[in-house]
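Here is a short tour of one protein chain. Keep the structure in view as you read.

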Amino acid sequence: MAGQQYEIRENLTSLDLRLRASAAAMPEGLAELISAIALAGKSIAQKVRRARIEDVVGEVGVTNVQGEVQQKLDVISNELLKHTLARIPSVAVIASEEEEEVLVLRNRSDGGVFSVLFDPLDGSSNIDVGVGIGTIFSVLPNREESTDTAASALQPGTSQLAAGYVLYGSQVALVLTIGDGVDMYVLDPCLGEFVLVAEGLRMPDRKKVYSLNEAYVDTFPESYRRYLTHAHKSGYSGRYIGSMVADVHRTLIKGGVFLYPPTESNPDGKLRLLYEANPMSLLIEQAGGRASTGSGRILQVRPTRVHQRTPVILGSAVEVEQVESHQP
Ligand code: P6P
């Protein structure tokens, strides 16, 4: 009688195995860098899970460069990422939402070939209420011989070598692109590994769901109000978590459109170009969607300031076109 058959159901394709297998085909050092970001993500996930237990929820009592009240976990996550990346010999420059200035680690001639930009814990005001939050990251080539200026960070999103996020939600998901499609991994708590759950992820090209904070509707430009009137009459439903990583993750998987328009308090939009809009836009485009400022492709915006903001319209191609069709 043939031996007892046992069907292996475990998913044993890990991020680290895939990075090791594909390292030779990637820019030198990029696989190690992504592995380091994933390691920091695992550590932050632990901190987020235990935040209430270890009493690290709540505010630090200071505001950051954005004028936003810093949460304790913002600072912890930022320090974790900085310390993890500082040990990676290919990292030249770090730019963080929580750091006023770009941090210079090493020049090109010393091996610094990547600029790493990140929002260490996006949506952190939601920590206390258990809503999905996340780390967003973007990797650029360091083209500057001297890295004593922000120049090595101020590149358009089309220059990104890699981009992704770690979502700390009902699952810890790492969604990543290195420019040839989007892969999704989920942290297996038993193995302590990110295991592959979706390869070459493609998003729906249409879905009647819009995601924005309608509380500001009276201060949106008229074109956005016209779009919302159309959506209300066309059977759309609204979904808004108020945490970009969670809202974009839902949009990536289920389709729809995520928007943060210009408002009275944020005339250029609230979301930051370099370490929020650009990495999310690369992921969405790589999955077959579109990402627009309302007057052009987000990835083609030429940045002039590290913390500059941009309007964001991203998601299913048909849905982004619907919003754009109402623009002046
Ligand atoms: P609002 C979180 O503070 C954040 O930066 C993003 O994660 C989120 O998309 C946005 O702000 C929410 O802003 O004005 O709707 O609360």
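**The eight-stranded sheet**

This is a predicted model. Start with the open sheet of eight strands. Its order is E4-E3-E5-E6-E7-E8-E9-E10, and the pairing is mixed. Strand E4 (103–104) and strand E10 (193–198) stand at the edges. Each has a single partner strand, so one side of each is left without a neighbour in the sheet.

Helix H5 (residues 244–254) packs on this sheet. H5 touches E5, strand E6 (133–141), strand E7 (162–168), strand E8 (172–177) and strand E9 (182–188). The direction of H5 makes about 105 degrees with that of E7.

Now look at strand E3 (residues 91–96). It runs parallel to strand E5 (residues 114–122), and five bridges join the two. Ile94 stands opposite Val116 in E5. Ala95 has Leu117 of E5 as its bridge partner.

E3 also pairs with E4, this time in the antiparallel sense, over two bridges. Here Ile94 has Leu103 of E4 as its bridge partner. E3 and E4 form a hairpin, with six residues between them.

Is E3 enclosed or open to the outside? Six of its six residues are buried, so E3 is largely enclosed by the rest of the structure. In a regular strand the side chains alternate between the two faces of the sheet.

| Residue | Bridge partner | Strand of the partner |
|---|---|---|
| Ala95 | Leu117 | E5 |
| Ile94 | Leu103 | E4 |
| Ser211 | Phe258 | E13 |

**The five-stranded sheet**

A further open sheet has five strands in the order E12-E11-E13-E15-E14. Its pairing is mixed. Strand E12 (237–238) and E14 stand at the edges. Both have a single partner strand, so one side of each is left without a neighbour in the sheet.

Strand E11 (residues 209–211) and strand E13 (residues 257–260) pair in the parallel sense over two bridges. Ser211 has Phe258 of E13 as its bridge partner.

Helix H5 comes back here. It packs on this sheet and touches E11, E13 and strand E15 (312–315). The direction of H5 makes about 150 degrees with that of E13. Helix H7 (residues 317–324) also packs on the sheet, touching E13, E14 and E15. The direction of H7 makes about 25 degrees with that of E14.

**Two buried residues**

Asp247 lies in helix H5. Is Asp247 buried or exposed? It counts as buried, because its relative accessibility is 1%, and buried means under 20%. Leaving out residues up to four places away in sequence, Asp247 touches Ser211, Arg239, Tyr240, Ile241, Gly242 and Phe258.

Ser292 lies in strand E14 (residues 290–292). Ser292 also counts as buried, at 1% relative accessibility. Which side chain does the side chain of Ser292 meet in a polar contact? The partner is the side chain of Glu324, at 2.8 Å. Beyond four places in sequence, Ser292 touches Ile298, Pro311, Val312, Ile313, Val320 and Glu324.

Helix H1 (residues 15–22) and helix H2 (residues 30–49) meet with their axes within 9 Å. The axes cross at roughly 170 degrees. That makes H1 roughly antiparallel to H2. Leu15, Asp16 and Leu19 in H1 meet Ala31, Ile34, Ser35 and Ala38 in H2. By class, this contact has five nonpolar, one polar and one charged residues. An α-helix has 3.6 residues a turn, so residues three or four places apart point the same way.

How much of helix H6 (residues 273–286) is buried? Twelve of its 14 residues are, so H6 is largely enclosed by the rest of the structure. Among the buried residues are Leu273, Tyr275, Glu276, Asn278 and Met280. Just after H6, Gly288 takes a positive phi of about 95 degrees.

Definitions and conventions: Residues numbered from 1 in each chain as written. Predicted model: local features only at pLDDT ≥ 70, side-chain atom pairs only at ≥ 80, totals over all residues. Heavy atoms only, no water. Pairing = 2+ DSSP bridges. Helix = DSSP H or I, 4+ residues; strand = E, 2+ residues; numbered from the N terminus. Contact = heavy atoms within 4.5 Å. Axes fitted to C-alpha atoms, helices over the stretch in contact; angles between N-to-C directions. Buried < 20%, exposed > 50% of the residue type's maximum accessible area, 1.4 Å probe, protein only. Polar contact = N/O pair within 3.5 Å; in protein donor to acceptor, adjacent residues only side chain to side chain. Parallel < 35°, antiparallel > 145°, perpendicular 65-115°, else oblique. Nonpolar A, V, L, I, M, F, W, Y, C, P; charged D, E, K, R; others polar.
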